[in-house]
Amino acid sequence: MNCREFQENVTAAVDSRLDENVMAVFLAHAAGCTPCRRDYEGERHVVNLVRTRLRPVGVPPELVAAILDCIALEDAAASAVAPRAPSFRWNHVWTKTAVAFALSFAAVVFLLARNDAAFTPMPPSDQTGSDIISQSVNAYHAALKGEIPPQIVSEVPDCVKSFFNGKTEFPVLVPSMKECTLVGGGINDFRGTMMAHIVYKHGGQTISVYQACRETVMKGEKLHLPREALEELARTGWYCCTTPEGASIVVWTKGATLCAAVAPMNREHLMAHLVDGGDAGAW
Amino acid sequence: MKAQAGEKQRAFEREALPHSDLLYNYALRMTNNVADAEDLVQETYLKAFRFWDSYQQGTNIRAWLFRIMKNSYINRYRKEVREPEKVVYDDVTNLYTRTGNDAADPHDAHESTFGSLLDDEIAGAIASLPAEFRTVVILCDIEGLTYEEVADFMECPLGTVRSRLHRGRKLLRAALSAYAQARGLEQHKQ
């Protein structure tokens with residue numbers, strides 16, 4: 001066995017995969033060749049070190065639980081029959097209504113921005129993320145600043161709801177909310193996937209509810225939820241968090257729709273508005 | 001429809017979930033980060049569940065899951081995985097040269113001081129390997145898979161597994177030496 005043949009057999013020798021005769025020849029070469037012997041010993045030493053120091057660890061039980069929850073959620077979503085969205089017609093009565101109200105929405109946005117002036121935007125670094133929570137907060141600020149053009153202004157839920165017909169691959173939810181006035185809504189395209197936003201007013205505060213296709217978010221390709229949000233959503237049906245400025249975000253799903261509400265109020269108040277809607281259970 | 005869905009979920013849990021340790025260890029050593037590893041495992045299982053219908057019952061489910069994870073990893077770290085192919089073999093050639101010189105040097109590699117390295121440093125040395133070499137080192141030396149299993153996982157010949165393992169270990173040895181030198185451990189040897 002020469003040095004080249006020895007090198008070709010080092011790994012097999014370390015892993016005890018050489019037959020007895022070849023191993024004997026291999027060891028004979030090692031005994032007489034210091035560089036080859038050092039290579040063999042070096043590889044053995046490295047393998048022993050890795051095997052003794054980096055033993056396999058068990059998967060965290062919380063991770064298994066989270067996977068089970070996500071699968072259950074996925075399974076439930078897959079088994080739900082999503083309603084077929086009707087085709088969009090430009091001469092639809094509510095579309096005409098939308099156009100009629102479009103100009104007045106600019107004034108409403110101006111008022112919203114004034115009332116929520118203390119609610120400062122998220123850091124710019126979040127603005128390019130596909131995290132739906134960051135997107136919702138950024139979209140909230142963009143709406144307040146008038147950067148997302150209003151497309152429908154109406155206090156009538158059915159009017160706002162019909163505006164979205166045929167424009168999204170998920171049903172847009174527009175229920176009444178206790179002590180809140182429906183302002184209107186709009187739609188925007190994020191990386192090829194549609195997000196709807198519905199705006200409510202409660203006194204001087206604005207509540208925005210962003211909606212996206214649940215399946216798209218669960219797939220995590222264009223939009224995604226942080227893992228902790230997915231876990232909490234699967235466990236309790238809701239996920240709540242707070243921005244550094246004290247605004248609350250509540251995420252939940254209903255049928256094929258994933259919703260994220262953003263408002264400059266504590267989460268209990270926001271939850272109360274969402275849960276105690278006029279047409280209870282609509283969310 | 002719901003009954004079918006429940007059956008699918010049960011079958012998936014029964015057959016796929018028992019391999020979560022294997023996937024988690026691979027993800028942990030590939031990313032060298034617990035949070036990233038957990039995300040990768042979760043993403044892998046979600047994709048596997050989504051494509052469960054395409055899994056052929058009775059085939060090697062561990063290999064199937066592993067390939068989904070590997071693709072997920074590549075998608076996440078595409079830039080890192082693509083580039084080594086060009087430089088890896090140069091690295092290896094250089095390493096062979098370096099090792100050859102080391103061998104002639106009485107103050108060669110620092111194997112005797114490797115034992116003093118922290119586990120995190122050893123994990124860091126593995127994480128520094130190019131992805132293709134890191135994969136075989138993790139699967140063979142940490143997960144304890146046979147060459148045959150690794151070849152099946154990676155869909156490559158046995159000879160490729162063996163050569164990658166050999167080269168991966170060589171690179172790892174050099175990386176460990178660098179860690180040892182950085183910590184000044186070679187002083188103990190002299």
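A residue counts as buried if 20 or more other C-beta atoms, placed from the backbone, lie within 10 Å of its own, as exposed if 12 or fewer do, and as partly exposed in between. The model shown in these views is predicted, with local features needing pLDDT of at least 70 and side-chain atom pairs counting only at pLDDT 80 or more, while totals for chains, interfaces and linings use all residues. Residues are numbered from 1 along each chain as its sequence is written, and chains are lettered from A in the order in which they are written.

**View 1. Thr206(A) in strand β4 of chain A.** Thr206(A) lies in β4, which spans residues 205-213; strands (E, at least two residues) and helices (H or I, at least four) are DSSP runs numbered from the N terminus. Thr206(A) counts as buried because it has 26 C-beta neighbours inside 10 Å. Val262(A), 56 residues away in sequence, is 8.4 Å from Thr206(A) in space, C-alpha to C-alpha.

**View 2. Helices α1 and α3 of chain A.** The axes of α1(A) (residues 3-14) and α3(A) (residues 34-53) come within 10 Å and cross at roughly 20°, axes being lines fitted to C-alpha atoms over the stretch in contact and angles running from 0 to 180 degrees between N-to-C directions. α1(A) is therefore roughly parallel to α3(A), a term for angles under 35 degrees. The contact (C-beta atoms, placed from the backbone, within 7 Å) involves residues of α1(A) including Phe6(A), Val10(A) and Val14(A), and residues of α3(A) including Tyr40(A), Arg44(A) and Val47(A). The residues of this contact comprise 8 nonpolar, 2 polar and 3 charged, where Ala, Val, Leu, Ile, Met, Phe, Trp, Tyr, Cys and Pro count as nonpolar, Asp, Glu, Lys and Arg as charged, and the others, Gly among them, as polar.

**View 3. The side of chain A that touches chain B.** Here 32 residues of chain A are in contact with 40 residues of chain B. On the chain A side, α1, α3 and α4 (61-79) each give two or more residues, and α3(A) provides the largest share, 12 residues.

**View 4. The largest nonpolar core.** This core, a set of buried Ala, Val, Leu, Ile, Met, Phe, Trp, Tyr and Cys residues joined through C-beta atoms within 7 Å, has 113 residues, and those with the most contacts inside it are Ala261(A), Ala27(B) and Leu176(B). Helix α11 of chain B (residues 158-182) supplies its largest share, 9 residues. Leaving aside residues up to four places away in sequence, Leu176(B) touches Val46(A), Phe114(B), Leu117(B), Ile122(B) and Ala125(B).

Technical notes:
Parallel < 35°, antiparallel > 145°, perpendicular 65-115°, else oblique. Contact = placed C-beta atoms within 7 Å.
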